[in-house]
Amino acid sequence: MNIFLFAFNAISPIILLILLGYILKKINFLDAGWFKKGNKFVFRVCLPVLLFMNVYHIKSLEEINWTVVIYAEIIILLMFFLGLLLVKTTIPEDRQKGVILQCVFRSNFAIIGIPLAESLGGTEAMGIASILSAFSIPTFNILAVIALTMYNKDENGHKASLTDTLKKIVTNPLILGVAAGMVVLVIRSLIPTSAEMMGSGNEAGELIFSIRNDLPWLYTALNNISKISSPLALIVLGGQFDFAAVKELKKQIAIGTMARVVMVPAIALSVAIVLSTYTNLFHFSPEVYPALIALFGSPVAVSSAIMAQEMDNDGVLAGQLVVWTSIASIFTIFFFVVACAILIPGFTY
């Protein structure tokens with residue numbers, strides 16, 4: 001019951017902020033123009049800074065559990081290709097295919113996943129989740145650009161070329177934010193600590209230079225922008241949400257929601273348990289599973305709706321999927337945690 005309450009408490013603020021945006025639009029406190037500009041501001045400024053800070057806060061890449069990272073990346077790619085098959089056979093509308101496809105493989109790991117991993121498995125699970133974020137978030141965003149581009153057509157009815165797709169990948173603000181964070185993280189790993197400079201061999205010394213310590217004004221500004229990113233994205237999403245669209249999109253919503261919060265975590269966790277139990281390919285300690293639940297069991301990323309809107313896909317459907325996968329995940333996260341507690345020796349929560 002504790003994990004159910006945690007899931008409810010983690011998801012409820014998301015729903016409430018979406019509802020706030022919806023109400024502000026309904027009472028004409030904020031108009032459609034404000035939400036349109038807010039969408040661009042979140043996509044081009046706030047979310048890139050948030051992703052940069054998420055990567056920047058990773059302590060070190062030296063103690064990476066490559067087994068977990070490789071497994072997570074393989075499953076994300078597998079879900080992408082399963083999603084391709086799903087949308088090809090069930091979704092006739094091109095502008096909706098990319099939206100459903102990114103819903104299948106892309107979770108809200110940065111906002112919900114890492115705190116969820118910490119709640120389930122403590123600091124060790126949070127550490128694993130933080131490392132996973134450095135790899136999964138860039139993968140999510142690259143695949144999302146591909147998903148939202150591959151079905152798009154220009155004025156002449158032609159689909160985007162490979163060159164256009166690659167251009168959108170390398171110029172995507174979210175990918176640029178992650179890339180900047182990775183550059184800083186690599187540079188930071190090359191800078192000797194104070195202890196190393198003194199020849200003590202103690203790697204726990206303070207960094208000779210860091211943004212947080214030496215440029216506190218810049219760090220504070222970036223950190224403040226990152227903090228408003230998620231709340232503002234949710235309010236903007238609420239202002240664009242349309243309850244009347246639920247009836248028209250109920251099939252697409254059901255397909256996307258079931259795939260995101262049921263199919264993906266079921267496959268990811270069951271394969272991990274089987275491989276860890278019966279083969280020598282992968283072996284996962286109990287502390288790994290909270291991070292896997294967080295990575296694959298979280299609802300679709302809030303930024304997916306912002307991104308879909310900006311890339312001329314079905315933004316209404318994307319917003320619906322954020323809302324309904326978030327609500328459904330309250331129950332599915334609880335189910336998968338209980339299942340892991342039964343099936344995995346040493347797994348506790």
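I looked up the surface first, and in this predicted model I found a nonpolar patch of about 520 Å², made by Leu16, Leu19, Ile23, Ile27 and Phe29. For a patch of this kind, I count residues with over 30% relative accessible area and no salt bridge, with nonpolar side chains (Val, Leu, Ile, Met, Phe, Trp, Tyr) joined within 5 Å and like charges within 9 Å; a salt bridge is a side-chain nitrogen of Lys or Arg within 4 Å of a carboxyl oxygen of Asp or Glu. The areas come from the Shrake-Rupley method with a 1.4 Å probe, and for residues only the protein chains shown count as cover.

I number residues from 1 along each chain as its sequence is written, and side-chain values use heavy atoms, with hydrogens and water left out. Local features need pLDDT of at least 70 and side-chain atom pairs count only at pLDDT 80 or more, while totals for chains, interfaces and linings use all residues.

I then placed Phe29, which lies in the loop between helix H1 (2–26) and helix H2 (32–56); helices (H or I, at least four residues) and strands (E, at least two) are DSSP runs, numbered from the N terminus. Phe29 is exposed, at a relative accessible area of 59%, where exposed means over 50%, buried under 20% and partly exposed in between (1.4 Å probe, protein chains only).

Of its 101 residues, Phe105, Leu132, Tyr289, Leu292 and Phe296 touch the most other members. Helix H5 (residues 109–150) gives the largest share of this core, 18 residues. I also noted a second, separate core of seven residues, among them Val49, Phe52, Ile211 and Leu222.

I followed Ala259, which lies in helix H12 (residues 250–278) and is buried at 4% relative accessibility. Leaving out residues up to four places away in sequence, Ala259 touches Leu86, Val104 and Val264, a contact being heavy atoms within 4.5 Å.

Last, I checked the aromatic rings: those of Phe, Tyr and Trp (its six-membered ring) pair if their centres lie within 6.5 Å, and planes under 30 degrees apart count as stacked, over 60 as edge-to-face and the rest as tilted. I get eleven aromatic pairs by this rule. Phe282 and Phe284 form a stacked pair, 5.8 Å centre to centre with 25 degrees between the planes. Tyr71, Phe282, Phe284 and Tyr289 form one aromatic cluster.

Conventions:
A nonpolar core is a set of buried Ala, Val, Leu, Ile, Met, Phe, Trp, Tyr and Cys residues joined through side-chain atoms within 4.5 Å.
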